[in-house]
Amino acid sequence: MDVFSSYNLIIEASVILILSFLFNGIAKRTNIPSVLLLIILGVVLQFVLKHMTSEKVDFFPALEVLGIIGLIMIVLEAALELELKKEKLVPILKSMAIALVGLIGSAWVAALILFQFVPEMTMQSAWLYATPLSILSSAIIIPSVSGLAEHKKEFHIYESTFSDIMGIMMFYFLVGGLNPAEDSGAVGFAVNIVLTIVLSLVASYAIILIFQQIKSQAKLFLLIAVLLLLYAIGKQLHLSSLLIILIFGLVIANMKLFFAGKLAHFLEYEKAHRIYHELHIVTLETAFVVRTFFFVIFGLTIAIASLFSLSVALISLLLIASIYVIRFVILRTFIGSDILPQLFIAPRGLITVLLFFAIPAEAQVATFEPGILLFVIIGTSLIMTWAMIKDKRKVKTLVDQIDEEYKTINEEKSEPGETENDNEIIGERPEI
């Protein structure tokens, strides 16, 4: 039987998406993150493939592409949720500080653990391996905290988003240090960030002004294609590309702030606001599909035998313990005594996996067991699940968020006073 024939691949992909939708329902009822169920599904499929075919498949190229697209969608999704207001300045800065201190503190302790317990591990390589293990997973956190009090929900959205972005920047800063000839140092790194921010703002204004004039309904994936293009070009130019996505999301989510004063004359707010809501839906749905296949393929690539290693269990438990000890100290310092369930909401996920596979060959250590990665991802996700169940909060899945965005758009459509142009954008079929 040819498992990878065209029609079989269509059947397999369809079944996986249907199961992912069911996993979202299970997650809502049990508070078990759907990511865990997707990884387990991948592991099960790994055994099924071994039984049905002897052909070895290299899933890494697909995993890498899905990871990059998923990362962009997750950061864009998070940015679209962020409101920039004066009263939110302190919570945003506090969340950023907690994310930064937590990232550096967790990476430092994790690097010491890996250097001590993994044979042949150098300190430089230990930092590269430790950084992905120290980044919070916004892909898991953002859909899981919607039932919390508003200030706690916002804290987790800000913290996980900043952790993602700063973690990726820190990882590639460390990668640059592997080659002293190409390493621009801290000053060059700062210049790179400033340049990226300036270019991102210019591109964001241009995109919004151009796309609000496009009348065709087939423009949202065009917009995403433009963002993917900007991200890829930024990577080729060694810019901090993820900032491009974050800044665009912030600009379109806070248009009245960025188009203030004389700039307000150039903004057609109703049209641009519709683009924002519809982009939010497309981002959520794309993130759902990409995340589904990413974690299933990750499960397919896991070396199951490494999970039963005593050394893997020991190192993983030390890493997990260090995550929560450091998090406890930081939250008590910055927030005070009201740190539940925030203390236990620190899962690792997509970015951890993606950056792990991005470690350069010259820094890779053959004695490092990939099972540590899976152990930490599953362990932190289970701890978060336990905390959410104990807190008795309802988990909101990506499907719920998509439903809410559709409801918002439908409510706006039914409001009186819509212009003919607005109806043209959202109600009529495009001309062919």
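**Close-up views of a predicted helical protein chain**

View 1. Val48 is partly exposed, with a relative accessible area of 33% (buried means under 20% relative accessible area, exposed over 50%, partly exposed in between, with a 1.4 Å probe and protein chains only). This residue, Val48, belongs to helix H2, residues 34–52 (helices, H or I, are DSSP runs of at least four residues and strands, E, of at least two, numbered from the N terminus). Together with Ile40, Val44 and Met52, Val48 makes up a nonpolar surface patch of about 310 Å² accessible area. Patches consist of residues with over 30% relative accessible area and no salt bridge; nonpolar side chains (Val, Leu, Ile, Met, Phe, Trp, Tyr) are joined within 5 Å and like charges within 9 Å. Accessible areas come from the Shrake-Rupley method with a 1.4 Å probe, and for residues only the protein chains shown count as cover.

The model is predicted: local features need pLDDT of at least 70 and side-chain atom pairs pLDDT 80 or more, while totals for chains, interfaces and linings use all residues. Residues are numbered from 1 along each chain as its sequence is written, and side-chain values use heavy atoms, without hydrogens or water.

**View 2. The whole chain.** The protein chain contains 17 helices and zero strands. Of its 432 residues, 52% count as buried.

**View 3. Helix H7, residues 150–176.** Because 21 of the 27 residues are buried, H7 is largely enclosed by the rest of the structure.

View 4. Side chains of opposite charge can pair when their charged atoms come close. Asp338 and Lys152 form a salt bridge, 3.2 Å from N to O (a side-chain nitrogen of Lys or Arg within 4 Å of a carboxyl oxygen of Asp or Glu). Asp338 lies in the loop between helices H13 (310–334) and H14 (350–357) and Lys152 in H7, so the pair ties together parts 186 residues apart in sequence. Arg327 and Glu159 also form a salt bridge, their closest N and O atoms being 2.7 Å apart. Arg327 lies in H13 and Glu159 in H7, so this pair ties together parts 168 residues apart in sequence.

**View 5. The salt bridge of Glu268 and Lys271.** These two side chains meet at 3.2 Å, N to O. Glu268 is partly exposed at 30% relative accessibility, whereas Lys271 is buried at 12%.
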